[in-house]
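This report goes through selected strands, a sheet with its crossing helices, a cavity and some backbone angles. The structure comes first and the description follows.

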Amino acid sequence: MLKINQLEIENVKRIRAVKIEPSQNGLTIIGGNNNQGKTSVLDSIAWALGGDRYRPSSATRDGTNIPPRLHIVMSNGLVVERKGKNSDLKVTDPAGNKGGQQLLNEFVSQLALDLPRFMQASDKEKGDTLLQIIGVGDRLSELERQEADTYNRRRAIGQIADQKLKFAKEMTYYPDAPKEPVSISELLTQQQAILAQNGENQRKRQQAAQLTQQCEAMRQQLKELEERYNTLFQDCLIAQQSAKDLQDQSTAELERNIADIEAINVKVRANLDKEKAEMDANDYQNQYAALTAELNKTRQEKAELLNHAPLPLPGLSVEEGALTYDGKRWDSMSGSDQLKVSTAIVRKLNPKCGFVLLDKLEQMDIGTLREFGAWLESEGLQAIATRVSTGGECSIIIEDGYIAGEEKPAETKAAWKEGEF
């Protein structure tokens, strides 16, 4: 991995003359009060390695006509220089071969030079960056679209199921009502059949009475009509026996049912409606359960996709399109974790780049700085950072464009040449 071995800066923004040899691994903090030139150091490194897109709008230090000079020695032996009136770039490899910005771009990650651009991005932008790095962005986007669609359909089905079930529970049910509506024509037919049977019974009774009367009359004429009497007497006995076992059926219950048929049918229809509502609710509950299974399957695919992806840091993931670390979103991460995540992503973007520039670390306490520095060392990474402080945590202190405590070089002026201004 490419790191910075040495850098020399002259006459850039607030810097007069600074020479720094940052630690190869861990955190190098450039301290000092405000407006002394700390950030100018980082801006100079970004300009030297990143090209004119990082050139400060007012690159030359106020109060001098000497052009900026940038000289950086990289860990792979590359020497990067910018100097002269136009700050022309010159890149020289250990063999003495010359190169330019294209050669630097192979080793230097743009985010390493401008990490705040990543740290200040939205949660979705951070998540998209990570997904594109690990190569699962398109597939995860499709799974998330599928998950959202299934979730919305399941929610709609669940709402309908709840409404159906609530409606069914509020409906009246009559346990004593028959299962099907009662037909008045059937009851009338039954009534007519009973009345016809009762009429036939009455006819037979009348016949028996007539035969009895004839029998009594014939007894007076027994002698003359003995043979006829015997025949009629036998018929009389038979008729009497038939009439004896006959019973009339009551139509009272049918008459009540006919009178109450509409009330009965109201109950039957109410029961049928309640059963239909319960069936509808059960159907929607089954649909809800099926969609829940589909949703869980999609979420499992997402989890497996990320679990098998080459993530730049254990615990790093993307949930609902947002970057997370150990289950926490960006705004819930500690400052140290935010720096870890950002630095790990920079390394993943360009594994050849082993350094990162960090500005304004004064918002972090000493413990957080130590924790982050220890992590950098364990990962073999280099970070050059600034902090408004003059405490012992600072690797060097910048005062008025120089390194505090070092002998200041003599001010030089550009030599005047005829025809130049």
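## The E1-E2 hairpin

In this predicted model, strands E1 and E2 form a hairpin, with two residues between them. Lysine 13 sits in the turn and has a positive phi of about 55°. The two strands are antiparallel and are paired over five bridges. E2 covers residues 15-20. One of the bridges links valine 12 with isoleucine 15 of E2.

## Strand E1 and its other partner

E1 also pairs with strand E4 (residues 69-74), again antiparallel, through six bridges. Within this pairing, glutamine 6 is placed opposite valine 73 of E4. Strands of a sheet pair through backbone hydrogen bonds, in either a parallel or an antiparallel sense.

How many of the nine residues of strand E1 are buried? Seven of them are, so the strand, which spans residues 4-12, is largely enclosed by the rest of the structure. The cut-off behind this count is a relative accessible area under 20%.

## The E8-E9-E10 sheet

Three strands make an open sheet in the order E8-E9-E10, and their pairing is antiparallel. Which strands stand at the edges? They are E8 (316-319) and E10 (328-329); each has a single partner strand, so one side of each has no neighbour in the sheet.

Strand E9 (residues 322-325) is joined to E10 by two bridges, and these strands run antiparallel. Tyrosine 325 is opposite lysine 328 of E10.

## Helices across the sheet

Two helices can be described relative to this sheet. Helix H5, residues 123-134, lies across E8, E9 and E10 and runs at about 75° to E9. H10 lies across E8 and E9, and its direction is at about 115° to E9.

## The cavity

The structure contains one cavity of 30 Å³ or more. The volume of the largest cavity is about 40 Å³. Its lining consists of Thr343, Val346, Arg347, Cys353, Gly354, Phe355, Val356, Leu381 and Gln382. Two elements give two or more residues each to this lining: helix H10 (335-349) and strand E11 (355-358).

Which element supplies the largest share of the lining of the largest cavity? H10 does, with three residues. By residue class, the lining of the largest cavity divides into five nonpolar, three polar and one charged.

## Positive phi in two loops

Most residues other than glycine have a negative phi. Serine 87 has a positive phi of about 50°, although it is not a glycine. This serine is in the loop between strand E5 (79-83) and strand E6 (88-92). Is serine 87 buried or exposed? Its relative accessibility is 2%, so serine 87 counts as buried.

Lysine 360 is another residue other than glycine with a positive phi, in this case near 60°. Lysine 360 belongs to the loop between E11 and helix H11 (366-379). With a relative accessible area of 46%, lysine 360 is partly exposed. That class lies between the cut-offs of 20% for buried and 50% for exposed.

Technical notes
Residues are numbered from 1 along each chain as its sequence is written. This is a predicted model: local features need pLDDT of at least 70, side-chain atom pairs count only at pLDDT 80 or more; totals for chains, interfaces and linings use all residues. Side-chain values use heavy atoms; hydrogens and water are left out. On a 1 Å grid over the protein atoms alone, a cavity is a set of points where a 1.4 Å probe fits but cannot get out, and a pocket is an open set with protein on both sides within 12 Å along at least five of seven lines; lining residues have an atom within 4 Å of a point. Grid points are joined across faces, edges and corners, and a volume is the space filled by probe spheres set on the points. Helices (H or I, at least four residues) and strands (E, at least two) are DSSP runs, numbered from the N terminus. Ala, Val, Leu, Ile, Met, Phe, Trp, Tyr, Cys and Pro count as nonpolar, Asp, Glu, Lys and Arg as charged, and the others, Gly among them, as polar. Buried means under 20% relative accessible area, exposed over 50%, partly exposed in between (1.4 Å probe, protein chains only). Two strands pair if DSSP finds at least two bridges between them. Contact means heavy atoms within 4.5 Å. Axes are lines fitted to C-alpha atoms, for helices over the stretch in contact, and angles run from 0 to 180 degrees between N-to-C directions.
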